[in-house]
Amino acid sequence: MANREELAIIRGARSGRADAQLELGKRYLFGSAGLPRSLPTALHWLDRAARQDCAESCELIGSHIPLDLARVHATPLAPWYERAYDGGNVRAGLVLAQLLLEDGRAAPDALRNKALRALEEAARAGFAEAQWLLARRPDIAASVSTACAAGAAQGPAKQEAAAAVRGTAPLRERAGQGERRTAGHPGAGSLDAQAAPDQPWLRRAADNGLAEAQFALLEQSWAAEAWQDYLARALPLARALVDSGGGKQIRRLAPSEVTLLSRTARLLADGKGGTAAGEDVGNEEVHAFWELAAAGHDRHAQLAIGLWYARMQVDGARVQGGSGAANFKKAIRWLLLAGEQGLAEAWYALSRIYLKPEFSQRNVADAQRYLEKAAEMGYQVAQLECGNNAWRARRENESNDVRAVFWLQQAAAQGNAEAAAAIRRIAPRPEDAAHTETGALLGCVGDLTAHPLLAARLELAALFGLTRAETLLLDVAAADQGHCLVVDIRASYGRSKRRLVMIDTAQERQTLDRIVRLFENVDCGPGGPEGNYRQRLYRLRTLMADAAMAGRLLDGSDGRMVPAGKPECGNAAYGMAA
């Protein structure tokens with residue numbers, strides 16, 4: 001409660017006396033026995049005193065009123081910060097630059113140039129906020145360089161003359177006053193002597209302890225895969241986070257802090273950073289990083305904690321030297337959390353747990369379900385295993401060969417050599433005469449406009465290497481499985497065998513889509529418009545005979561009909577017999 005003296009000051013301030021307004025603003029600024037400390041109230045009275053040309057009020061505003069409060073004030077405060085800066089207050093110049101440059105407010109060119117010089121001066125004096133502004137705003141940094149170059153071109157004499165005109169100290173004197181005023185600021189005074197002239201502002205702001213700059217610099221090091229530099233900066237921060245979380249009241253970590261802990265633990269666990277921090281880091285400390293990051297919902301940390309409880313690696317192999325028995329119940333909890341956040345390795349690790357004989361709840365069906373989840377998310381090892389499992393189970397379900405080829409194709413697309421070899425074994429492309437001669441007839445039998453379905457079948461044969469019987473009897477729509485072609489005509493041609501043909505290129509996919517649309521509403525069975533096998537074979541023979549009479553096909557030495565002139569359109573071993 002205000003005492004008599006303070007009540008008199010309040011009455012004088014309300015009556016418009018500048019000295020009373022200044023005194024009341026100071027009491028609210030620093031607090032007193034009867035008046036609480038209140039920056040907004042202090043700014044109100046100091047602003048009113050400054051309007052009456054009170055220089056001390058401008059100095060107090062420039063020294064103690066932060067940027068956030070200045071932004072929301074009812075009246076513009078830039079003139080008071082400018083006046084305080086002209087009096088040698090570097091911090092006031094920083095706030096002036098932030099108000100005019102960062103917020104994009106309109107200002108005369110002279111005032112804008114002054115703000116640029118003030119920002120550069122504050123950055124060199126060690127103000128991390130100024131260095132961070134220059135680091136994240138290249139346009140402002142470029143303007144600062146231009147303004148400083150123009151100022152240097154004027155020469156010292158003109159700068160001192162201009163300073164004398166506006167009644168302020170020269171720049172070099174004002175810089176010295178700013179250093180005295182900011183003696184308690186981190187990094188002030190000693191930074192310029194230690195930093196090289198071309199050192200980036202971002203690194204200087206991070207060295208001064210600004211959290212935003214530190215995390216931005218860490219992000220750059222991570223993107224550049226500079227593991228040593230990342231660990232040198234991240235390890236002390238991670239240790240500080242662990243120490244701050246050791247008390248009873250654990251604060252909620254920011255997402256950037258959780259990422260910092262997780263990445264630091266990953267680098268240390270993988271041995272990528274070496275001893276960048278100058279000392280070895282024990283497993284217990286790495287585990288503490290993992291635990292804190294996992295509590296912050298980081299999926300990589302949850303995976304690491306789950307594997308630690310299971311005492312195994314991702315592939316299910318037991319960790320050598322692991323102490324204590326595995327706790328699969330806790331491991332499953334953490335691995336489920338990691339998998340639900342999109343980590344395929346977690347689902348694969350779960351599939352390994354459910355296959356372990358020592359796990360009391362061992363379940364092969366659950367293991368397969370988790371394995372397929374990992375494969376669906378693109379985990380190469382899981383895709384290969386799904387493909388092999390489906391191929392081994394093809395006798396139980398004939399369509400498993402299609403699933404096998406699908407998973408193997410996905411793994412092969414990621415560069416898995418074992419999957420590519422399995423595909424060549426499961427779905428080969430024979431190049432013998434029986435599989436190439438029918439397709440070779442496409443360019444030799446003449447105009448097939450009157451027989452569009454037969455033309456499409458011959459195109460399929462040329463594209464995928466089908467035999468004559470497969471070409472004429474294949475149910476095109478049913479054969480298309482998206483990633484492969486199932487060639488199965490055993491119901492109409494008992495001597496044939498079911499086989500798969502891979503669709504390798506986009507051109508093959510587009511051609512097959514066009515042919516499937518052509519057969520979309522066509523019955524490919526014996527009762528359809530193409531007739532039975534004999535009728536289809538007769539139609540093909542008729543076209544071949546017409547082509548032979550026209551000179552497009554010639555009799556071979558063994559009496560067979562072969563394409564004329566173009567070896568690639570036929571094969572000498574092709575015969576007319578059924």
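The legends below accompany an overall view and several close-up views of one predicted model.

**Overall view. The protein chain of the predicted model contains 31 helices and 4 strands.** Of the 578 residues in the protein chain, 46% are buried.

**Close-up A. Helix 19 and helix 20 pack with their axes 8 Å apart.** The angle of packing is about 160 degrees, and because angles over 145 degrees count as roughly antiparallel, helix 19 is roughly antiparallel to helix 20. The crossing of this pair is left-handed. On the side of helix 19, the contact is made by R299, Q302, L303, I305, G306, L307, Y309 and A310, while helix 20 contributes F328, K330, A331, W334, L335, L337 and A338. By class, the residues of this contact divide into 11 nonpolar, 2 polar and 2 charged.

**Close-up B. R311 lies in the loop between helix 19 (299–310) and helix 20 (328–340).** Although R311 is a residue other than glycine, its phi is positive, near 55 degrees. The relative accessibility of R311 is 13%, and since buried means under 20%, R311 counts as buried.

**Close-up C. Helix 20 also crosses helix 21 (residues 344–353), and the axes of the two come within 8 Å.** They cross at roughly 150 degrees, which makes helix 20 roughly antiparallel to helix 21. Helix 20 passes helix 21 in a left-handed crossing. The residues that meet are F328, A331, I332, L335, L336, A338, G339 and E340 in helix 20 and A346, W347, A349, L350 and I353 in helix 21. This contact of helix 20 with helix 21 comprises 11 nonpolar residues, 1 polar residue and 1 charged residue. Among the residues of helix 20 listed here, F328, A331, L335 and A338 are also named in the contact with helix 19.

**Close-up D. E225 occupies the loop between helix 15 (211–223) and helix 16 (227–244).** E225 is not a glycine, yet has a positive phi of about 55 degrees.

**Close-up E. F127 is placed in the loop between helix 8 (109–124) and helix 9 (128–136).** At 4% relative accessibility, F127 counts as buried. F127 and A205 are 78 residues apart in sequence, and their C-alpha atoms are 7.8 Å apart in space.

**Close-up F. Helix 26 (residues 433–440) has H435, E437, T438, G439 and A440 as its buried residues.** The elements that cover these buried residues include helix 27 (452–464), helix 28 (468–473) and strand 2 (499–502).

**Close-up G. R457 is a residue of helix 27.** The relative accessible area of R457 is 2%, so this arginine is buried. Leaving aside its neighbours within four places in sequence, R457 is in contact with T471, L472, L473, L474, V476, F519, C524, E530 and R536. Helix 27, where R457 is placed, is also one of the elements covering the buried residues of helix 26.

Notes
Residues are numbered from 1 along each chain as its sequence is written. This is a predicted model: local features need pLDDT of at least 70, side-chain atom pairs count only at pLDDT 80 or more; totals for chains, interfaces and linings use all residues. Side-chain values use heavy atoms; hydrogens and water are left out. Buried means under 20% relative accessible area, exposed over 50%, partly exposed in between (1.4 Å probe, protein chains only). Axes are lines fitted to C-alpha atoms, for helices over the stretch in contact, and angles run from 0 to 180 degrees between N-to-C directions. Angles under 35 degrees count as roughly parallel, over 145 as roughly antiparallel, 65 to 115 as roughly perpendicular and the rest as oblique. A crossing is left-handed if the near helix is turned anticlockwise from the far one by less than a right angle, and right-handed if clockwise. Contact means heavy atoms within 4.5 Å. Ala, Val, Leu, Ile, Met, Phe, Trp, Tyr, Cys and Pro count as nonpolar, Asp, Glu, Lys and Arg as charged, and the others, Gly among them, as polar.
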